[in-house]
Amino acid sequence: MRSIALQNEIIFLILAVLAVVSSIVMITAHRPIDSALSFIVTLISIAALFGLVNATFLFVVQIIIYAGAILTLILFIIMFLNIKDENLPDEKYKNLWLLGTTLLILPFSAILIHLILKSDIALNSVTDESFGTIKDVGLTLYSQWVLPFELVSVLLLVALVGSVTLSKRND
């Protein structure tokens, strides 16, 4: 039993490091296609983390919607635009912006890490077998979170109608 927990911790660390490194590559890559491919690695790593904690619904949604549909759309747009290296902007201050943003976010990250270490996450860890299953998510979504779910649906519909209206304006 102890070796399985150790094995899960090692897998978790590998996936977490992979997600962080691919996220950094996604941000610092110059070409959009490299960023998109790094984004796929990040999303798959996060999906694997969901799978590691038996959150099957989130695992499937992460793979199908984000790594599948949305990334395919992003890659399709990048290929459709046919962006060449000479057309990319010269980002002289990109590293300076990244450094400034990192310094801006660092105090908040330190507070978040402090709160996580101070909390009793291990004591409150999920032991329910139904956690993250489709049935559990569906029951929670349609019983406790009906109003926010419907509000998000209306918001997405308004965004869809707005984007169609804006795209028709140029015609």
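Tutor: A salt bridge is a side-chain nitrogen of Lys or Arg within 4 Å of a carboxyl oxygen of Asp or Glu. The model discussed here is predicted, so local features need pLDDT of at least 70 and side-chain atom pairs pLDDT 80 or more, while totals for chains, interfaces and linings use all residues. Residues are numbered from 1 along each chain as its sequence is written, and side-chain values use heavy atoms, with hydrogens and water left out.

Student: Which residue forms a salt bridge with R31?

Tutor: Side chains of opposite charge can pair when their charged atoms come close. A search of the whole structure finds one salt bridge. In this pair the closest N and O atoms are 3.3 Å apart, and the partner of R31 is D34.

Student: Is R31 buried or exposed, or partly exposed?

Tutor: Buried means under 20% relative accessible area, exposed over 50%, and partly exposed in between (1.4 Å probe, protein chains only). R31 has 35% relative accessibility, and therefore counts as partly exposed.

Student: Where is Q62 found?

Tutor: Helices are DSSP runs of H or I with at least four residues, numbered from the N terminus. The run that covers residues 56–81 contains Q62, and this run is helix α3.

Student: The side chain of Q62 reaches the backbone oxygen of which residue?

Tutor: Q62 counts as buried because its relative accessibility is 9%. Contact means heavy atoms within 4.5 Å. Leaving aside neighbours within four places in sequence, Q62 is in contact with L43, I46, A47, F50 and A67. At 3.4 Å, the side chain of Q62 reaches the backbone oxygen of L43.

Student: What span should helix α1 have?

Tutor: The expected span of a helix is 1.5 Å times one less than its number of residues. Helix α1 (residues 2–28) has 27 residues, and its end C-alpha atoms are 39 Å apart. This agrees with the span that α1 should have, which is 39 Å.

Student: The buried residues of α1 pack against which helix?

Tutor: In α1, the residues L15, A19 and S22 are buried. An α-helix has 3.6 residues a turn, so residues three or four places apart point the same way. The buried residues of α1 pack against α2 (32–52).

Student: How far apart in space are E129 and S109?

Tutor: E129 lies in the loop between α4 (94–118) and α5 (134–143). With a relative accessible area of 69%, E129 is exposed. E129 and S109 are 20 residues apart in sequence, and their C-alpha to C-alpha distance in space is 31 Å.

Methods. Helix = DSSP H or I, 4+ residues; strand = E, 2+ residues; numbered from the N terminus. Polar contact = N/O pair within 3.5 Å; in protein donor to acceptor, adjacent residues only side chain to side chain.
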